Amino acid sequence: MKTVIIAGASGLVGSHLLRLLLDEKEIDEVIALVRKTLPITHTKLKQKVVSFTETGSFEGYLKGSAVFCCLGSTRKKTPDLNDYRKVDYTYPLLLAKIASKNNVEQFHLVSALGADPGSVNFYSKLKGETERDIKLLIFKSLHIYKPSLLTGNRIEKRPMERFAVMVMNIINPMLRGSLKKYQSIEAEVVARAMVKQYLKDLDGTFCYPSDKIKELV
C-alpha cells in the first residue's frame, strides 16, 4: 500500500498537488496534514488536523513512501518575522527530520528561485537555509523545486502579485536562454512535476529551477 503525506495542501501549489495525488492510480492513500479541515472528500484522503508547534500531533502520520512539503507564507499574512521563519523554515525542517527518522524514502520541498543562505534578502536567505539544512538529512531521494513567480487562482486577494503577473506575461517571451528560469510558472505545472518525479523513484538529491520544472512536465 503506497501512502504519501502532504503538508500545505491549502496553498496554491499544494491544492493542485493534493488533487493530482488523489487522482494518481499508483497511490493508495493520501494523508493531508492541515490546520483546519479542507472542503474536499475522497476515498483515498485522510485529513489530520495538527499543530506544527506540537510534534506529537503529527509525527505518527509521517510514515509512507514520500512527504510533500508545500508550506509557506507571505509577509502580509505573517508580518512577524519570527512567525514567518517558523512557517518557512522551522516546520519544513521538522517535518523532514521526522520523515527521515521514520525512514520515509522521498522528501519533496517547494522552495523558491534564488534561495541562498548567504543572501541579504530575508526571503531568499530563509529559503536557502531551509534547503541547506534539509540536504543534511538522509533520504533515498530529496527533490527541491525552485519556482519563480507562481501564477494561478488564489483564494486570498494579492493586488501586487496580480500586477506582477500582468507584467511577467509581457516580459516572459523576452526571457530566453539563461534568463528563461525567471519566467513566471503556473502552480499546477509545479505540482505535476512533483508527482512525476515521485513516480520515477530516483536516488539522490535533485534541485529544479523554474525552467527545469517546466521540462519535467
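This section describes the salt bridges and the surroundings of one serine in a predicted model.

Side chains of opposite charge can pair when their charged atoms come close. The structure contains twelve salt bridges. One of them joins Lys-46 to Glu-29, with 2.9 Å between the closest N and O atoms. Lys-46 belongs to strand E3 (residues 45-49) and Glu-29 to strand E2 (residues 29-34), so this pair ties together parts that are 17 residues apart in sequence. Lys-46 is partly exposed, at 41% relative accessibility, whereas Glu-29 is buried, at 11%.

A salt bridge is also formed by Arg-85 and Glu-129, whose closest N and O atoms are 2.8 Å apart. Because Arg-85 lies in helix H2 (residues 81-101) and Glu-129 in helix H3 (residues 122-134), the pair ties together parts that are 44 residues apart in sequence. Arg-85 is partly exposed, with a relative accessibility of 31%, while Glu-129 is buried, with 9%. Glu-129 forms a salt bridge with Lys-125 as well, at 3.4 Å between the closest N and O atoms. Both residues lie in helix H3, four residues apart, about one turn of the helix. Lys-125 is partly exposed, at 33% relative accessibility. Elsewhere, a network of salt bridges links Arg-19, Glu-188 and Arg-192.

Ser-148 is found in the loop between strand E6 (141-146) and strand E7 (150-151). Its relative accessible area is 15%, which means that Ser-148 counts as buried, the limit being under 20%. A polar atom of the Ser-148 side chain lies 2.3 Å from the backbone oxygen of Gln-183. Beyond four places in sequence, the residues that Ser-148 touches include Leu-113, Lys-181, Tyr-182, Gln-183 and Ser-210.

Note on methods:
Residues are numbered from 1 along each chain as its sequence is written. This is a predicted model: local features need pLDDT of at least 70, side-chain atom pairs count only at pLDDT 80 or more; totals for chains, interfaces and linings use all residues. Side-chain values use heavy atoms; hydrogens and water are left out. Helices (H or I, at least four residues) and strands (E, at least two) are DSSP runs, numbered from the N terminus. Buried means under 20% relative accessible area, exposed over 50%, partly exposed in between (1.4 Å probe, protein chains only). A polar contact is a pair of N or O atoms within 3.5 Å; within protein, one must be able to donate a hydrogen and the other to accept it, and residues adjacent in sequence count only if both atoms are side-chain atoms. Contact means heavy atoms within 4.5 Å. A salt bridge is a side-chain nitrogen of Lys or Arg within 4 Å of a carboxyl oxygen of Asp or Glu.
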